[in-house]
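This briefing concerns the helix packing and the nonpolar cores of one protein model. Please consult the sequence and the structure shown below while reading.

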Amino acid sequence: MTGIEELLLSRIRDVPDYPEPGVMFKDITPLLADPAAFTALTDALAEISVRSGATKIVGLEARGFILGAPVAVRAGLGFIPVRKAGKLPGATLGQTYDLEYGTAEIEVHAEDLSADDRVMVVDDVLATGGTAEASLQLIRRAGARVAGVAVLMELGFLGGRARLEPALDGAPLEALLKV
């Protein structure tokens, strides 16, 4: 385990039985409250983004906003929020995706992305991969190219990587921590 992995893991709190019994929630708020850990995380995700040739960062609502915005600033790139349906003003492009029970929809301002853009998706956790997969579809529908997906933590037991790999179409998926 590397020094950054140890630092990041030491600042993630396990919360048993949240949001429901049997779930072990990974709380990143202690990491965000620690300037050294938050800076290390931001630097690592920015390095991945620059290395991928990204021109924009997409942050997925809501913790992807917290991580993606400073990554974009650090990397010198633009930041684009991908929001739940109905949260963005003006014309949007939406993508519906399946949840365990039902569906959800995310949206982006399509004019914020162009054919010249290579977009890195940044989020805190890769779980089942549904939201990330929908975001890749949105990016491509907006005319941009996918540079990859970068997350703080991958919950491997939920199978998100296997679900996401076809949608990545060869673009990298990088997780700083695998749980």
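Which residue just after H6 takes a positive phi? Asp169 does, with a phi of about 50°. The structure is a predicted model, in which local features need pLDDT of at least 70, side-chain atom pairs count only at pLDDT 80 or more, and totals for chains, interfaces and linings use all residues. Residues are numbered from 1 along each chain as its sequence is written, and side-chain values use heavy atoms, with hydrogens and water left out.

**Packing of H5 and H6**

- Helices H5 (residues 130-141) and H6 (residues 160-168) pack with their axes 9 Å apart and at an angle of about 5°; helices (H or I, at least four residues) and strands (E, at least two) are DSSP runs, numbered from the N terminus.
- H5 is therefore roughly parallel to H6, a term for angles under 35 degrees; axes are lines fitted to C-alpha atoms, over the stretch in contact for helices, and angles run from 0 to 180 degrees between N-to-C directions.
- On the H5 side, the contact (heavy atoms within 4.5 Å) is made by Gly130, Ala132, Glu133, Leu136 and Arg140, while H6 supplies Arg163, Leu164, Ala167 and Leu168.
- These contact residues comprise five nonpolar, one polar and three charged; Ala, Val, Leu, Ile, Met, Phe, Trp, Tyr, Cys and Pro count as nonpolar, Asp, Glu, Lys and Arg as charged, and the others, Gly among them, as polar.

**The two faces of H6**

- Gly160, Leu164, Ala167 and Leu168 are the buried residues of H6, where buried means under 20% relative accessible area and exposed over 50%, with a 1.4 Å probe and protein chains only.
- Viewed down the axis of H6, the buried residues fall within an arc of 100°, so they line one face of the helix; the arc is that of the directions from the helix axis to the C-beta atoms.
- The buried residues of H6 pack against H5 and the strands E7 (118-126), E8 (145-154) and E9 (173-178).
- Exposed residues Ala162 and Pro166 sit on the face of H6 turned away from its buried side.

**Nonpolar cores**

- The largest nonpolar core has 29 residues, and Val58, Leu136, Ile139, Val149 and Leu164 have the most contacts inside it; such a core is a set of buried Ala, Val, Leu, Ile, Met, Phe, Trp, Tyr and Cys residues joined through side-chain atoms within 4.5 Å.
- H5 gives the most to this core, with five residues.
- Another core, of 27 residues, lies apart from it and includes Ala44, Ala54, Ala75 and Leu152.

Notes: Parallel < 35°, antiparallel > 145°, perpendicular 65-115°, else oblique.
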